[in-house]
Amino acid sequence: SSAPAPIPATLFPGDGIGPEIAEAVKQVFQAAEVPIEWEEHYVGDQIDPRTQSFLTWESLESVRRNKVGLKGPMATPIGKGHRSLNLTLRKELNLYANVRPCYSLPGYKTRYDNVNLITIRENTEGEYSGLEHQVVRGVVESLKIITRQASLRVAEYAFHYAKIHGRERVSAIHKANIMQKTDGLFLKCCREVAEKYPEITYEEVVIDNCCMMLVKNPALFDVLVMPNLYGDIISDLCAGLIGGLGLTPSCNIGEGGIALAEAVHGSAPDIAGKNLANPTALLLSAVTMLRHLELYDKAERIQNAILTTIAEGKYRTADLGGSSSTTDFTKAICGHL
Ligand code: NAD
């Protein structure tokens, strides 16, 4: 029998520790015989006038064509006349939702061992619309934009995600008691979508109360959906509940079914090139990409191999209190496959 044609996917190894942890992903995918063919794209050292950024037009086209990709951390070059790399990706690919699964890693002790939640953040508007100006000297104004279109789009994604992943509840996080118009519209849209999913419980939780509930008992939550700024803060809070940014995966969902997975952490220049980086966050991000492609078997196998390796405790990188190199930790994961 002939093997199925490999699925093309874009890979941005990125900067700093990026290439080292991207190499780990490539090796683990090979060991697990994942039918993915990587199209590698590096960030350029010159501004591409077509994107006004160090990201080339060809790189963006690769993601648009493949509709799936994995991105390592990118260090935005300093200087004038270009757009930030992450902003370019978000705008050009219309990445409207940032999805972060957050679950306790068995065997890696943190304050909680029963966290299993998903945060879904609206990623295009709210306080991050970039519309700020000075009204008069000493007075500035920032516009918080909430639209029906973007709110419905992210709410749809949250309920769809809950449904296909067998989740039971969606909580919309808001401050509509104060932000009556903006957060009020966001909630109205969530309610409309909730009506189409009677099998999923819908609730609304005020952001301040949500923070208290999360730190007291994170098991109270399942899927959380929220506007941009709240999502930025709550998703990092949740990462902290399970052991920090080195372990936390994420996936950006764009128009037309694009999924660009990425680790939450940066390029870690302090440890770059030293074979010290923990590849777990990028590996688990790659797992979210596989789930998006409905390659559930491969996703489960790889996730289990990672979790088993960490739980055993024999091979752990320095950030988790161990003394393994990136390559030895990766070999151990491949061994468990
Ligand atoms: P950082 O996440 O790179 O590093 C913070 C600390 O965490 C450092 O001590 C680092 O060594 C450690 N760390 C991060 N990832 C790790 C890993 N996988 N294994 C072990 N240790 C890890 O944050 P920073 O120093 O604020 O940013 C450095 C660069 O990364 C900046 O240029 C920033 O713009 C960029 N950045 C990019 C992204 C992205 O591409 N999404 C996100 C954040 C920061």
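**Close-up views of a predicted model**

**View 1. Helix 8 and helix 9 are roughly antiparallel to each other, since the angle between them is over 145 degrees.** In this predicted model, helix 8 and helix 9 (residues 296–312) pack at about 160°, and their axes lie 8 Å apart. The crossing of helix 8 and helix 9 is left-handed. From helix 8, the residues T280, L283, L284, V287, L290 and R291 take part in the contact, and they meet Y296, K298, A299, E300, I302, Q303, I306 and I310 of helix 9. By class, the residues in the contact of helix 8 with helix 9 comprise nine nonpolar, two polar and three charged.

**View 2. Helix 1 crosses helix 8 with a right-handed crossing.** The axis of helix 1 (residues 18–31) comes within 9 Å of the axis of helix 8 (residues 280–292), and the two cross at roughly 50°. Helix 1 is therefore oblique to helix 8. On the side of helix 1, the contact involves I21, A22, A24, V25, V28 and F29, while helix 8 contributes L282, L283, A286, M289 and L290. The contact of helix 1 with helix 8 has 11 nonpolar residues, with no polar and no charged ones.

**View 3. Strand 4 and strand 11 run antiparallel within the model.** Strand 4 (residues 95–103) is joined to strand 11 (residues 249–254) by four bridges. For A97, the bridge partner in strand 11 is I253.

**View 4. Strand 8, helix 5 and strand 9 make a right-handed β-α-β unit.** The helix of this unit, helix 5, spans residues 182–195. Strand 8 (residues 169–174) and strand 9 (residues 201–206) pair in the parallel sense, over six bridges. Within this pairing, I173 has V205 of strand 9 as its bridge partner.

**View 5. Helix 6 and helix 7 are roughly parallel to each other, because the angle between them is under 35 degrees.** Helix 6 (residues 207–216) packs with helix 7 at an angle of about 10°, and their axes are 11 Å apart. The contact is formed by I207, C210, C211, L214 and V215 from helix 6, together with Y230, I234, L237, C238 and L241 from helix 7. By class, the contact of helix 6 with helix 7 has 10 nonpolar residues and no polar or charged residues.

**View 6. Strand 6 and strand 7 form a hairpin with two residues between the strands.** Strand 6 (residues 132–136) pairs with strand 7 (residues 139–142) in the antiparallel sense, over four bridges. V136 stands opposite V139 of strand 7. In this hairpin, G138 takes a positive phi near 90°.

Technical notes:
Residues are numbered from 1 along each chain as its sequence is written. This is a predicted model: local features need pLDDT of at least 70, side-chain atom pairs count only at pLDDT 80 or more; totals for chains, interfaces and linings use all residues. Side-chain values use heavy atoms; hydrogens and water are left out. Two strands pair if DSSP finds at least two bridges between them. A crossover is right-handed if, with the strands pointing away from the viewer, the path from the first strand over the helix to the second runs clockwise. Axes are lines fitted to C-alpha atoms, for helices over the stretch in contact, and angles run from 0 to 180 degrees between N-to-C directions. Angles under 35 degrees count as roughly parallel, over 145 as roughly antiparallel, 65 to 115 as roughly perpendicular and the rest as oblique. A crossing is left-handed if the near helix is turned anticlockwise from the far one by less than a right angle, and right-handed if clockwise. Contact means heavy atoms within 4.5 Å. Ala, Val, Leu, Ile, Met, Phe, Trp, Tyr, Cys and Pro count as nonpolar, Asp, Glu, Lys and Arg as charged, and the others, Gly among them, as polar.
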